[in-house]
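Thanks for coming, everyone. I have one structure to go through today, and I will keep it short. Please have a look at it first.

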Amino acid sequence: MTIEIIKADYNNESHCQDLMLLLNAYAEDPMGGGAPLSAYSNQNLCNELRKRNNVFSLLCYVDGKPAAICNCVEGFSTFKAKPLMNIHDMGVISEFRGLGLSQKLMDEVEQISVEMGCCKITLEVLEGNQVAKNSYIKFGFEGYELDPEMGKAMFWEKVL
């Protein structure tokens, strides 16, 4: 079995097709919301990603087949005055689960983040996604808190 991880080139049509295939598979999974991406997202994502210099996507192939994806967005920590890296999407196609692909992707994200001078890597995970939580804990992630008396940080959103 051959495992290859590449940084997607948003100008490469093949990379964009694989990115969309993997991202749709993740979106259709119950842990990704259980619904395919919108027609707008399918038609515009690579074009929009191309315009940004603070994002990257890692594509993972097993024996040449698209198997996993990790989309990352650079942010900034005002407390540390340094960039941070957010893992925005992490998905592994069901037939390739159990091969340690998420660990390999996170290794690559960590390498890139260190090279960029990032102070930390962040991500969000659903409370019920025990498999992902175990993978992230194994890699060294933990809940975020400034003061234990105030509790752990919560991820909220307001849809626009």
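This is a predicted model: local features need pLDDT of at least 70, side-chain atom pairs count only at pLDDT 80 or more; totals for chains, interfaces and linings use all residues.

Let me start with the helices. Helix α1 covers residues 13–28, and helix α2 covers residues 39–50. The two pack at an angle of about 125°, and their axes are 10 Å apart. α1 and α2 are therefore oblique to each other. The crossing of α1 past α2 is right-handed.

Which residues make up this contact? From α1 they are C16, L19, M20, L23 and N24, and from α2 they are S41, N42, L45, C46, L49 and R50. Sorted by class, the residues in the contact of α1 with α2 are seven nonpolar, three polar and one charged.

The bond links distant parts of the chain, since C16 sits in helix α1 and C46 in helix α2, 30 residues apart. The torsion about the S-S bond is about -120°, so this disulfide is left-handed. Are these two cysteines buried or exposed? Both C16 and C46 are buried.

How many disulfides does the structure hold in total? The count is one. C72 is buried, at a relative accessible area of 1%. For C119, the closest cysteine sulfur belongs to C118, and at 7.1 Å it is too far for a bond as well. C119 is partly exposed, with a relative accessible area of 29%.

Helix α3 runs over residues 101–115 and helix α4 over residues 130–139. Their packing angle is about 45°, with the axes 10 Å apart. That makes α3 oblique to α4. α3 passes α4 in a right-handed crossing.

On the α3 side the contact is made by S102, Q103, M106, D107 and E110, and on the α4 side by S135, Y136, K138 and F139. By class, this contact of α3 with α4 has three nonpolar, three polar and three charged residues.

One of these residues deserves a second mention. S102, in helix α3, counts as buried at 15% relative accessibility. What does S102 touch, if we do not count residues up to four places away in sequence? The answer is M90, V92 and S135.

Next, the backbone in two loops. D63 has a phi near 50°, which is a positive value in a residue other than glycine. D63 is placed in the loop between β2, residues 55–62, and β3, residues 65–77. A81 is not a glycine either, and its phi is positive at about 55°. A81 lies in the loop between β3 and β4, where β4 is residues 82–92. At 55% relative accessibility, A81 counts as exposed.

Two residues remain. L58 is in strand β2, and L58 is buried, with a relative accessible area of 1%. Neighbours within four places in sequence aside, L58 is in contact with I5, I6, K7, A68, I69, C70, L105, E108, V109 and I112. L58 and A35 are 23 residues apart along the chain, and their C-alpha atoms are separated by 22 Å.

Finally, Y144 is in the segment after α4. Y144 counts as partly exposed, at 45% relative accessibility. Not counting residues up to four places away in sequence, Y144 touches K120, G151, K152 and A153. Y144 and E4 are 140 residues apart in sequence, and C-alpha to C-alpha they are 32 Å apart in space.

Technical notes. Residues are numbered from 1 along each chain as its sequence is written. Side-chain values use heavy atoms; hydrogens and water are left out. Axes are lines fitted to C-alpha atoms, for helices over the stretch in contact, and angles run from 0 to 180 degrees between N-to-C directions. Helices (H or I, at least four residues) and strands (E, at least two) are DSSP runs, numbered from the N terminus. Angles under 35 degrees count as roughly parallel, over 145 as roughly antiparallel, 65 to 115 as roughly perpendicular and the rest as oblique. A crossing is left-handed if the near helix is turned anticlockwise from the far one by less than a right angle, and right-handed if clockwise. Contact means heavy atoms within 4.5 Å. Ala, Val, Leu, Ile, Met, Phe, Trp, Tyr, Cys and Pro count as nonpolar, Asp, Glu, Lys and Arg as charged, and the others, Gly among them, as polar. A disulfide is a pair of cysteine sulfur atoms within 2.5 Å. Buried means under 20% relative accessible area, exposed over 50%, partly exposed in between (1.4 Å probe, protein chains only).
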